[in-house]
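Subject: Structure handover and notes

Dear colleague,

I am passing on the structure we spoke about, and I would be glad if you could read the notes below with the coordinates open beside them.

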Amino acid sequence: MAKREEYIDKEKKEKGKKLFGIFPAQYPREILWAMNVLPVEIWDPPLEVIHANAHLQPYICSVVRLGLELILQGKCEGLDGFLFPHTCDSIQNLSSIVSDYLGVKKPCYFFYHPKSPYQDSSRVYYLEQLKGLVARLEKQLGPLDSSQLKHRVQQGQEVARVLKQLYDLRVQGELEASNADFYRVVRRGEYLSPDDFLPLLEEFLAAAKGSAQGGPAVIMSGVLPNPKEILTLLDELGVRIAHDDLLNCSRRLLVPPSRADDPFEALTESYFAMPPCTTKDSSVSERVDDLLAKVEQSNAKGVIFYMVKFCEPELFDVPQLTGELRKRGVATLLIDCELNQNLSGQLATRVEAFFEMIS
Amino acid sequence: MYLIKNLQYHFMKDLGLPALMRFSQRTKKRRPKKLDTCFGPPLTSTGRLKEIMTRHYLLSRYAEGARPVAWVTSGAPVELLRAFEFYTFYPENHGALCGAQKVGSELCEVAEGKGYSQDLCSYARIDLGVCFSGRTPVGKLPKPDLLFASNNICQTVVYWYKVLAYHWKVPLILFDTPYNFKDIADSDISYMVGQLEEMIPVLEEVSGKEFNYQRFQDVIRLAKEASLTWGEVLATMKARPAPMTIFDAFGHLAPIVSLRGLPVALNYYRVLLNELNDRVKKGIGAITDERKRLMWDNIAIWYKVRDLSNRFAERGMNFVAATYTNAWAETISYLDINHPFESLAKAYSLVILNNNLNHRFELMERLVKEYGVDGLVIHSARSCKPYSVGQYDIKRLLMDRLGVPSVVIEADIADSRVFSEEQTRTRLEAFFEAMEA
Ligand code: SF4
Ligand code: SF4
């Protein structure tokens, strides 16, 4: 399959799609698909930071720093717009730097999702937010075709269903794929159209079915599996990531299907049924329960908290989560690093020591 | 039990503590204060402020069991809680106090010892440090029955209060205020009104009291008047020389944060306002030789307030405006006793930190003009991402558009370990030179 840049370029030129740069994390991608937009997510572009430091203090996470760097290096010229979901304080202010200060001559859209604990008012509001976003997009993209939306919502559910199958097989130790391969494929969904992502997932599912290697199972929690070296290191050690609690993977991809007929209702139902997440202010108890359930299902021996340095939403929950897991005899490892940096020798040694502990 | 505690609380509130404080005032040995020649005469209201805040913290020891106790974030619509007679405690204000008393870092270390990263907001780490160790300069904190947070100042408070909810095993109410990316829409207001209405049964249950609409309106009236008076207090600094410095205002802010909606806050600001107006009439300045007027951006560096205040005053530079102190005056005029829920939604969601950076820039531009500001000091606070991200751009824009020189101090609000004396000195020297050029 074509590389990310080539693919995106082709989608624009050959299929006439509009391209939107999407900042983390949760957003109604089905609406964009239905409006002939290819959402291209910006999580961890492989760049050297040169310009972003003039706008951001050193204590800001590298997701935000790299995202801004991508814009400042002129690599977003081909985009037709940006979308900023309201994920955390840093993304919130980044959205304003981009739209208010950088003189970026592209439409910037914002998406506020209600925070937990949810009440009736939250549901009404979410639905209105979806419709409000459509109304704003329509000014740039023309009217939304309701049958297209319905189709894309169904397609989104299909993607979630196949992903769930993949995750289930992994939990049961019935997926041969390495950690690195698994996340390479899952993360393709950050820029592929569902028309291409779905067949890719199905193909992968068919090819990768089979017994996983016999080493210990772990769960990975955090924002995203980057630096990627951790995946290879775990592969080398024979450790299988049997499930994850990653913001850019299971927390937003494993969406339970909705039976609602109305596509807006279905999207609303899905949002509120998503796994607990720091960026939605889910309670600590919900997160503890969710992690414990994952540990139990997959018979994992440990949980690796793979933190992006300076990520407040995640870092606040870690002490309670590790405390509860350890009380139940589950080993934990906390790693805090910048994106796209090689794992230091010291970190690798810690991972190896952790592996020995759980083996 | 409740009856005894309640009687004890009211006795201490109305008689015991005032008598105790009078006694301690009388017996306190008065050391003659060394008057610094850079400063004008100190404000006499400061004594009253100390009395009010000391009483507030002392009373908190008697609140547990006598009144429902809520821990509240500084930007939450406390007016609703006051209608149920909650005793309210403000961890952020307490964090500032710990910072000012230079015990912030050691309390942070307690939280860090329990696994809380040093990269988290220091108000939160201090508060968690207090929860885990029981140590606080105010003696003891009342255990909460309820936690009340609003994300109109940051998302951090919610992460922090979730930890508190888990630690204390008490309910957490969140007032979720959609961020003002461009404009607040009707649907945002309805969402917030809906949430406020949904809170009432929870508050009734926790407090054991029925919602009293009339009392709610009274509280809103008091809160609005106090905030407007606070706004007038700040506006006295438009005078030349300014009768007060922003460093004083950081201290005088405590009642509007912690006692908003109570008569004591309003009465206090009326007294302070009278004193300031009187000083303006007589031409008494906060510093004796006010040559330059500055604006402060972000929360105070609590452990350095006195030090910084001296450094600037020595050079005839006075801080006359701050985005931070302004926050409790800016949007409160929206409050309307006839539409309490809608008006609370507006007043609380339009505050500076829930607003896009363009709004912040415009506010700063206005303050520069109205207060005759010659220079800007930007505190880049490691703790506070919503206040700090975007400051470098604001600095550049203010220079480009208004020609206002500025300096960034990289520091923290309450954790002195990250303060670099050397770096600050070098930056300030360059700034002083630019100001004199
Ligand atoms: S890594 Fe954390 S702090 Fe950074 S953008 Fe993501 S959620 Fe926000
Ligand atoms: S200092 Fe900033 S991050 Fe910390 S509680 Fe206050 S507003 Fe939130």
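The notes below go from the whole of one chain to its interface and then to single residues.

Please keep in mind throughout that this is a predicted model.

Overall form of chain B

Chain B is built from 19 helices and 8 strands, and its C-alpha atoms fill a box of roughly 65 × 55 × 50 Å along the principal axes. A compact globule of 437 residues would have a radius of gyration near 22 Å, and because chain B has 21 Å, the two values agree. Of these 437 residues, 62% count as buried, and among the contacts in chain B between residues at least 6 apart in sequence, 79% join residues at least 24 apart. The chain exposes about 17000 Å², of which carbon and sulfur atoms supply 53%, while the mean positions of its 55 positive and 50 negative charges lie 7 Å apart.

The interface

The size of an interface is often given as the accessible area lost when the parts come together. Chain B and chain A bury about 4500 Å² between them, with 58% of it on carbon and sulfur atoms. On the chain B side, B:Tyr159, B:Tyr166 and B:Phe181 lose the most area to chain A, and together they account for 17% of what that side buries. In terms of contacts, 54 residues of chain B meet 53 residues of chain A.

Buried places

B:Glu79 sits in helix H3 (residues 78–82) of chain B, and it counts as buried because its relative accessible area is 0%, which is under the 20% cut-off. Leaving aside neighbours within four places in sequence, the contacts of B:Glu79 include B:Arg260, B:Phe216, B:Leu335 and B:Tyr348. B:Trp302, in the loop between strand S5 (292–297) and helix H13 (305–313) of chain B, is also buried, with a relative accessible area of 11%.

In chain A, helix H3 (residues 62–72) is mostly covered, with 10 of its 11 residues buried, among them A:Arg65 and A:Glu69. The elements covering these buried residues include strand S3 (81–85), helix H4 (89–101) and strand S7 (302–308) of chain A. Just after this helix, A:Gly74 takes a positive phi of about 75 degrees.

Backbone geometry to check

Most residues other than glycine have a negative phi, and most peptide bonds are trans. Another cis bond joins B:Arg240 and B:Pro241, with omega about -5 degrees, and B:Pro241 is placed in the loop between helix H9 (213–235) and helix H10 (246–252) of chain B.

As for phi, A:Phe310 has a positive value near 75 degrees and is buried at a relative accessible area of 8%. A:Asn340 likewise has a positive phi, near 60 degrees, but counts as partly exposed at 35% relative accessibility.

With best regards

Terms used:
Residues are numbered from 1 along each chain as its sequence is written. Chains are lettered from A and ligands numbered from 1 in the order in which they are written. This is a predicted model: local features need pLDDT of at least 70, side-chain atom pairs count only at pLDDT 80 or more; totals for chains, interfaces and linings use all residues. Side-chain values use heavy atoms; hydrogens and water are left out. Helices (H or I, at least four residues) and strands (E, at least two) are DSSP runs, numbered from the N terminus. The radius of gyration is taken over C-alpha atoms; the globule rule is 2.2 Å times the number of residues to the power 0.38. Buried means under 20% relative accessible area, exposed over 50%, partly exposed in between (1.4 Å probe, protein chains only). Contact means heavy atoms within 4.5 Å. Accessible areas come from the Shrake-Rupley method with a 1.4 Å probe; for residues, only the protein chains shown count as cover. Lys and Arg count as positive and Asp and Glu as negative; His and the chain ends are not counted. The place of a charge is taken as NZ of Lys, CZ of Arg, CG of Asp or CD of Glu. Buried area is the accessible area (1.4 Å probe) that two parts lose on being put together, summed over both.
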